[in-house]
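Here are a few exercises to work through with the model open beside you. Try each task on your own before you read its solution.

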Amino acid sequence: AGATTTWHAKELVLGVGALCEPRLPDIEGIDGFEGEIFHSARWNHDVDLKGKRVAVIGTGGSAIQIVPSIAPEVGHLDLYQRTAPYVIPRFDRPYKSWERAALRNVPGLRRVVRAQDWFFRELQVPGLTRNPKLMWPVKSAARALRQTQVRDEELRRKLTPDHTIGCKRMLISNTYYPAVAGDNVELVTDPIRRVNAHSIETADGTERPIDVLIVCTGFHVTDSPAFELVSGRSGESLAELWGREGMAAYKGTTVHGFPNLSILMGPATGLGHSSMIFIIESQVNYVMSMLEKKRELGADVAEVTARAQSRWNAWVRKHLSDSVWVTGCASWYVDAHGNAPAVWPSWTWLYRLKTRKFDADSYIMRIS
């Protein structure tokens, strides 16, 4: 083993993110596959896909980007789908030259454009957190895209979601459906029985030969291995604590028993409708406010109280109880306890408001 380096710091900010540790599927025989295999987040750029028989397992946010990109060059692509996602149109377009000039030169215009994007995304919050029927405009857009881009009725049926919209991550793409409908792509909805040395066998007995297997099965979110690396005042790791009680943190940022630890994109901060940058900015503001307060008070230790954390998480659980994320579908929002600790169950402006200023009365502040 190599030499160990020890670093000493007054503060620890855990900024590994939520989607950082790839999750491999638990499929019989996958370890014995003799072709090329890799996870979408660990792409092997040395593998030439041109003319190859390729299988993609998963139809989430990674797959909808990968499939349209590789379908034109592979010989044949089998796409294994367990649950059809909601796919909504992407309204991106090239900016005109006058628009680019205006964004460069008109003071405040970029802020206005960003605020506009934020506002329209925020309109989804009532439908996601209170009444799914309010999501009908988004659901209608997804249906219209499917009807327009997928002419084959049987394929369209396979691509039609059967869960509450928003329960799983909603996907945005104008190229996914046309790629899946391509002549060299087969959408496979039969469950995978096993992976053989050079093929995948489904429950109906069909065996499809492949050269390359690309795994798009997401990440460890509520059980990230990164949590094993951080231990608290008692010596217990975050993984041990959260494995026993479920993920919980005060304002998604600080944890009782872990003084001077701040977590970016921690429990109950993920979003199903808007940009995580807004949440991260809010958390960074909160952490900076905490450091300023500690300097002002001459304290070098801050630990959130058990009471403050308990009250915060009771509020989160209460607001999650009516949300789409606990309507029964499997997703990375949900943990082994059946809770949805990865997602913020309210308006993003409310989170910004709650993290605007460090609340020292919720902490034990001391000199070590």
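This is a predicted model: local features need pLDDT of at least 70, side-chain atom pairs count only at pLDDT 80 or more; totals for chains, interfaces and linings use all residues.

**Exercise 1. A helix and its surroundings**

How many of the eight residues of helix α1 (residues 63–70) are buried?

*Solution.* Residues are numbered from 1 along each chain as its sequence is written, and side-chain values use heavy atoms, with hydrogens and water left out.

Step 1: Settle the terms. Buried means under 20% relative accessible area, exposed over 50%, and partly exposed in between (1.4 Å probe, protein chains only). Helices (H or I, at least four residues) and strands (E, at least two) are DSSP runs, numbered from the N terminus.

Step 2: Count. Six of the eight residues of α1 are buried, so the helix is largely enclosed by the rest of the structure. These residues are Ala63, Ile64, Ile66, Val67, Pro68 and Ile70.

Step 3: Look for the partners. The buried residues of α1 pack against strands β3 (53–57), β4 (76–80), β6 (171–172) and β11 (212–215), and also against helix α7 (176–180). Contact here means heavy atoms within 4.5 Å.

**Exercise 2. A threonine in a strand**

Find threonine 202 and decide whether it is buried or exposed.

*Solution.* Step 1: Threonine 202 sits in strand β9 (residues 199–202).

Step 1: Its relative accessible area is 0%, so threonine 202 counts as buried.

Step 2: Now follow the side chain. Threonine 202 makes a side-chain polar contact of 2.6 Å with aspartate 204 and another, of 3.4 Å, with the side chain of arginine 208. A polar contact is a pair of N or O atoms within 3.5 Å; within protein, one must be able to donate a hydrogen and the other to accept it, and residues adjacent in sequence count only if both atoms are side-chain atoms.

Step 3: Leaving aside neighbours within four places in sequence, the residues in contact with threonine 202 include Tyr80, Val188, Pro191 and Arg208.

**Exercise 3. Positive phi in loops**

Which loop holds lysine 251, and which one holds alanine 268?

*Solution.* Step 1: Lysine 251 lies in the loop between α8 and β12. Its phi is positive, about 55 degrees, although lysine 251 is not a glycine. At 7% relative accessibility, lysine 251 is buried.

Step 1: Alanine 268 belongs to the loop between β12 and α9 (276–297). Phi of alanine 268 is near 60 degrees, again a positive value in a residue other than glycine. Alanine 268 is buried too, at 4% relative accessible area.

Step 2: Go back to the loop between α8 (238–245) and β12 (261–263), where you will also find alanine 248. With a relative accessible area of 16%, alanine 248 is buried. Beyond its neighbours within four places in sequence, alanine 248 touches Trp242, Val255, Pro267, Gln309 and Asn313.

**Exercise 4. The whole chain**

What share of the 368 residues is buried?

*Solution.* Step 1: Buried residues make up 46% of the 368.

Step 1: Note the elements. The protein has eleven helices and 14 strands.

Step 2: Check the contacts. Among those between residues at least 6 apart in sequence, 72% join residues at least 24 apart.

Step 3: Finish with the extent. Along its principal axes the C-alpha trace spans about 70 × 60 × 40 Å.
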